Amino acid sequence: MRYHIWTIGCQMNVADSQRVAAGLESLGYRPTDNAAEADVVVLNTCVVRQQPEDKAVGRLNQLKRIKRRHPERILALMGCMVGVRDPQPLRQRFPWVDVFLPPSDPADLWRLLAERAHVDEARELIADAEARRRAIGRPDLILPPSAGEQIVSGYLPIVLGCSHACTYCIIPYRRGTERSRPPEIIVEEARQMVAQGVKEITLLGQIVDRYGYDLPEFAAATETPLVSLLRQIHDLPGLTRLRFLTSHPNWMKDDLLRAVAELPKVCPHIEVPIQAGDDEVLARMRRGYTVDAYRRLVARIRELIPGVSIATDIIVGFPGETAEQFRHTYDLLAELKLDRAHIARYSARPLTVATRSFQDDVPEAEKERRRKALDDLQAEIIGEMNRRLVGQTVEVLVEGWQERRQRWFGRTPTDRLVFFTAAGEWRGRLVPVTITWAGPWSLVGTVTEQSPDRS
Ligand code: SAH
């Protein structure tokens with residue numbers, strides 16, 4: 001019995017797919033890269049922009065032919081295309097799909113496998129999912145990733161959904177309201193991940209720094225709930241690194257920044273999107289802060305966390321964004337010199353306030369011009385920053401082997417991608433690498449000590 005999972009979109013989807021894979025493996029399924037030969041196919045989808053949604057529809061249409069020839073095979077559509085709403089309209093549009101799974105909630109797949117494929121062990125997964133649902137009064141992920149391929153760096157969702165409702169964003173409509181997962185479940189999952197060999201855990205949430213504010217456990221807490229969670233996971237023996245993303249500027253309190261600086265396993269890397277460098281655009285996006293507040297936050301992060309790297313997200317061509325407003329974003333990026341920027345062209349999404357209230361009036365060619373201008377600027381900034389690393393030794397957690405170029409790859413604590421060539425098995429090890437070449441998107445180096453022993 002074979003399964004095939006196709007995943008697109010954010011880290012949360014990667015985490016969900018890893019968990020679905022673990023469930024399928026526990027039922028005796030084995031992975032295949034070829035959807036045409038799989039007994040179970042899961043498409044884990046993203047709709048944050050039109051493009052990933054179009055790709056998922058393309059995949060669904062390809063799979064229609066396979067389903068016609070092999071109706072006994074099971075096709076599951078998961079993630080933000082399904083969302084937390086009634087799947088009836090999707091069922092009408094894609095009648096060849098067998099089951100629709102909301103983000104982070106695969107229980108109906110286990111049910112279908114128990115009924116249709118007579119996989120009796122699936123009943124245990126259903127029972128587990130239901131026990132969790134009862135215990136915490138809401139759907140939850142059912143198990144941490146396991147077995148199969150050895151994962152060095154694993155994702156652990158800690159806040160599901162989002163209630164912020166930025167005007168451009170579809171996520172709250174598809175992932176539901178914000179729900180923090182109970183700390184004891186998270187810590188237990190982290191423990192299991194480490195037991196399975198995971199060395200680096202990245203805690204996930206749409207606004208990860210809002211973790212815990214909705215939980216009774218933290219009602220009387222004086223410190224940021226995420227800080228106490230970081231401390232508990234940090235102490236797990238065998239864990240090498242801990243990260244979290246994505247943060248919202250308004251919730252990045254000093255105690256969180258101090259914890260990042262003080263806890264040695266927590267990497268000095270902060271992902272905190274600004275989205276636009278103009279106050280009027282930020283107000284229409286309903287982000288809840290000004291450019292100047294963000295500028296002060298960047299200064300504070302740099303002050304409290306030595307050697308920190310900062311990543312941001314930007315949307316260009318938001319409705320009504322003038323050339324001058326875009327220029328403000330450009331100038332801000334030039335001024336702040338951040339370590340990474342994900343730049344996206346605005347894409348109107350159904351139901352969002354921006355789609356209902358504003359006209360998507362920046363022409364596509366102009367959006368692309370703005371995107372490219374920011375990309376070119378960032379490449380210059382980061383290229384320059386990285387060149388300063390040549391000759392320096394950085395610490396790399398080795399994640400795997402790149403077959404195509406026959407070399408190892410891993411990341412620095414500041415989330416820079418590093419390649420190196422060396423004989424032996426390096427996966428999962430922490431190695432000092434001396435940088436010999438630097439480009440904007442990656443670094444190349446040589447291992448300094450032949451047998452590092454600090455894994
Ligand atoms: N809560 C996460 C958002 C995840 S979506 C966060 O705050 O980062 C990831 C990124 O996609 C967002 O940061 C934003 O830059 C981009 N994005 C979201 N909606 C978009 C839209 N309608 N058009 C273009 N980019 C969008």
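This is a predicted model: local features need pLDDT of at least 70, side-chain atom pairs count only at pLDDT 80 or more; totals for chains, interfaces and linings use all residues.
**Domains.** Begin by colouring the chain in four parts: domain 1 (2–135), domain 2 (152–267), domain 3 (274–387) and domain 4 (393–447). Between the centres of domain 1 and domain 4, taken over C-alpha atoms, the separation is 34 Å.

**The nonpolar cores.** Next, select Ile201, Leu203, Ile233, Phe244 and Ile301, which touch the most other members of the largest nonpolar core, a set of 72 residues. Helix H11 (residues 291–304) supplies the largest share of this core, with 6 residues. Domain 2 (152–267) and domain 3 (274–387) each contribute at least three residues to this core. Another core, of 24 residues, lies apart from it; Leu43, Leu75, Leu77 and Phe100 are among its members.

Return to Phe244 and display its surroundings. Not counting residues up to four places away in sequence, Phe244 touches Thr202, Leu203, Val208, Leu226, Leu230, Met252, Leu256, Val260, Val266 and Ile270. Thr246 belongs to the loop between strand S10 (241–245) and helix H9 (254–262).

**The ligand site.** Now select the ligand together with the 15 residues around it; those that come nearest are Tyr168, Gln206, Gln275, Asp313 and Ser347.

- Gln275: a polar side-chain atom lies 2.7 Å from an oxygen atom of the ligand.
- Asp313: an N or O atom of the side chain is 2.6 Å from an oxygen atom of the ligand.
- Ser347: a polar backbone atom is 2.8 Å from a nitrogen atom of the ligand.

**Two loops with positive phi.** Select Leu351, in the loop between S13 and helix H13 (353–357). Its phi is near 75 degrees, a positive value in a residue other than glycine. Leu351 counts as exposed because its relative accessible area is 53%, over the 50% limit.

Then select Lys337, in the loop between helix H12 (323–336) and strand S13 (340–345). Lys337 is not a glycine either, yet has a positive phi of about 50 degrees. Its relative accessibility of 45% places Lys337 in the partly exposed class.

**Gln378 in helix H14.** Gln378 is located in helix H14 (residues 364–387). Is this glutamine buried or exposed? Gln378 is buried, because its relative accessibility is 1%, under the 20% limit. Leaving out residues up to four places away in sequence, it touches Leu333, Leu338, Asp339, Arg340, Ala341 and Gly383.

**Ala21 in helix H1.** Move to helix H1 (residues 11–26), which contains Ala21. Ala21 is buried, at 16% relative accessibility. Neighbours within four places in sequence aside, Ala21 is in contact with Tyr3 and Ile5. Its C-alpha atom is 9.5 Å from that of Val42, which is 21 residues away along the chain.

**Cysteines.** Finally, select the cysteines. How many disulfides are there? The count is 0. Cys46 is in no disulfide, and the nearest cysteine sulfur, that of Cys10, is 6.5 Å away. Both Cys46, at 11% relative accessibility, and Cys267, at 4%, count as buried.

Definitions and conventions
Residues are numbered from 1 along each chain as its sequence is written. Side-chain values use heavy atoms; hydrogens and water are left out. Domain bounds come from an automatic or database domain assignment. Helices (H or I, at least four residues) and strands (E, at least two) are DSSP runs, numbered from the N terminus. Buried means under 20% relative accessible area, exposed over 50%, partly exposed in between (1.4 Å probe, protein chains only). Contact means heavy atoms within 4.5 Å. A nonpolar core is a set of buried Ala, Val, Leu, Ile, Met, Phe, Trp, Tyr and Cys residues joined through side-chain atoms within 4.5 Å. A disulfide is a pair of cysteine sulfur atoms within 2.5 Å. A residue is near a molecule or strand if one of its heavy atoms lies within 4 Å of it. A polar contact is a pair of N or O atoms within 3.5 Å; within protein, one must be able to donate a hydrogen and the other to accept it, and residues adjacent in sequence count only if both atoms are side-chain atoms.
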